[in-house]
Amino acid sequence: MASLSRKRGACRSSVVERKNLLTVCRFSVKTLLDRSCFETIDDASPEFVNFVSILEHILSHRLKGQTTWFGYESPRSFWDYIKAACSKVPHNCIRSIESMENVRSSRAKGRAWMRVVLMEKRLSEYISFALKDFKTTRRFFEEGAIILREEAGLLADTLIGLNTIDFSFCLKGEGLDDSCPAVIDYTPYLKFTQSADSISSDEEEMRTLGSSCSESSTPDKTATAASIFTEQSNLVSKCKRFEQKYRLALEQKGYLEELVRLREAQLSAAVSHNKALQQSLADTHLSHTLEKQQLEYIIVELQNQLTVLKNNDLRSRQELTAHLTNQWPSPDALDANAVALDTLLYRKSTGEWEEKSFQSLEQLSAGMSLTSNTQGKEETPSLRGLCGSLTSVASYKSLASLRSSECLASPATEISSPGVTPS
C-alpha cells in the first residue's frame, strides 16, 4: 500500500513538473515577444535569462547519466543530446560551437548553442529535427521526460514565434559560465490580473457608492470629484484592456506569419521533391521500355539466326551424304587386283617414320610379315590410319586380316610425335 502511494505521488509530481515547465515556457515566449516590440533582446534582458533557464530545464528533464567503465553514472548535459541528434541538420553550427576556445565545458557549449540558434532564428528547427530522431532521444532520456512526450511537438511549434525577434548576444559573457545554475523566476507569471467582469462590478459599486453619498446631502463638489475619478478609472481600465488585446493580437500575428512562412517552405520543398520523384519515375519507365524493346529485338534476331543455322546444318548433312554416296564405286566395276596404298610405318626400335607404297594388299601383307619376323618378339611398330584409294572390294575386305598391332597413316597427316603405341 505504501509503495503504491509512493508510485502515485511520484507520477503526480512528474506530471505537475512537466505541466509547469511547459506552461512557464509559453509565458516566457510571450513576454519575450512583448519586450521585443519596445527594445532589443540581449544577455542583460531578464526575460531572456528566464527563458534560457526554462529551456535548459526542459532539455535536461530526466536526462540519463553517462555510464563509465566502472559502472558509475556521471552527470550529462543536454549538449551531448543536441550534438548527437542534430549533427545532420543542414548547415548546423555544432562544429563551430565545439571549436570555440573560451567555451570548454559541456553546459557552457549548450548555452552558447542556444544563443547562436536564436540569432540564426533556427531554434525551432533544431528542436523539431532532434525530436524526429526518436532512437537517439530514447537513448538519452528516461521514461516520462518532456522530450519523449507529445507536448514536445507543441513546444517546438511554440518556439517558432521566436524567429520574429532579432536577438543580439555576446558569446563571451557571464551567461555561458557553467558554474552559474539555471534558476527559473516564477514571479513575473504569478501576477494577479483583474478580469473585465470584475472591473465592471467595481465600477458599479463605485457608482452606487457615489449615488448614496449624494443622497445623504453630500456637497456637489464631492459628487463631481467622485464622478471624475470614476471616469478616469474607466478610461485607464479601457486603455489597459486595449493595450493587452493589441499585444495579444501582435503576438498571434507574428506567430502566424512565422508559421505560414515555415509551412510554405515545407510545401515548396515537398513540391520540388515530388517533381524530382515524378521525373525519376518517368526516366525509369522510359529506360525500361527501351530495354524491353532491345531485348525483344535481340530475341527475334537470335531466333532467326538459330533457324538459319538449323537449315544450314541440315543442308550440309544432306550434301555430305550425297557426296559420300556418289564417291563410293560399284562393287561390279572394281578390279580385285587394283589397289594403290600409300602408308607410313612407324618403327619403334628406331623411333622413325618410313614411307612405303604398295600396289596390292598382298604386298602390304608380305611387308608386314617381314617386318614382324625381323623384330622377333619385340613389339610391332605403330601404324597410323590408312590413306589411299581402294579399287577393289576384295582389297577392302582383306584389310581385316591386318594385325591389330599395326596401323596405317597418311603421308599428308602432320605428325609431331609417335603417339601411343597400340598394345
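User: How many helices and strands does the protein have, and how are they assigned?

Analyst: Helices are DSSP runs of H or I with at least four residues, strands are E runs of at least two, and both are numbered from the N terminus. The protein has 12 helices and 6 strands. This is a predicted model: local features need pLDDT of at least 70, side-chain atom pairs count only at pLDDT 80 or more, and totals for chains, interfaces and linings use all residues. Residues are numbered from 1 along each chain as its sequence is written, and side-chain values use heavy atoms, without hydrogens and water.

User: What share of the residues counts as buried?

Analyst: Buried means under 20% relative accessible area, exposed over 50%, and partly exposed in between (1.4 Å probe, protein chains only). Of the 423 residues, 28% are buried.

User: What share of the contacts joins residues 24 or more positions apart?

Analyst: A contact means heavy atoms within 4.5 Å. Take the contacts with a separation of 6 or more: residues 24 or more positions apart account for 72% of them.

User: How should I read salt bridges, and how many are there?

Analyst: Side chains of opposite charge can pair when their charged atoms come close. The rule here is a side-chain nitrogen of Lys or Arg within 4 Å of a carboxyl oxygen of Asp or Glu. The structure holds 17 salt bridges.

User: Which residues form salt bridges with E98?

Analyst: K83 is one, at 3.5 Å from N to O. That pair links distant parts of the chain: K83 sits in helix α3 (residues 78-85), E98 in helix α4 (residues 94-98), 15 residues apart. K109 is another, with its closest N and O atoms 3.1 Å apart. K109 belongs to helix α5 (residues 106-120) and E98 to helix α4, so this bridge ties together parts 11 residues apart in sequence.

User: Which residues are linked in a network of salt bridges?

Analyst: D34, E243 and R247 are linked in one.

User: How do I read aromatic pairs, and what is the count?

Analyst: Rings of Phe, Tyr and Trp (its six-membered ring) pair if their centres lie within 6.5 Å; planes under 30 degrees apart are stacked, over 60 edge-to-face, and the rest tilted. The count comes to 7 aromatic pairs. Take Y81 and F141: their ring centres are 4.9 Å apart and their planes at 85 degrees, so the pair is edge-to-face. Y81 lies in helix α3 and F141 in the loop between α7 (134-140) and α8 (151-158), so parts 60 residues apart in sequence are tied together. Y81 is buried at 2% relative accessibility. F141 is buried, also with 2%.

User: Which residues form an aromatic cluster?

Analyst: F48, F167 and F169 form one cluster.

User: Which residues form the nonpolar patch on the surface?

Analyst: L295, Y297, I298 and L302 form it, with about 450 Å² of accessible area together. L295 lies in helix α10 (residues 220-327). L295 is exposed, at 53% relative accessible area.

Conventions: Patch = residues over 30% accessible without salt bridge, like charges linked within 9 Å, V, L, I, M, F, W, Y side chains within 5 Å. Areas by Shrake-Rupley, 256 points an atom, 1.4 Å probe, with all protein chains shown as cover.
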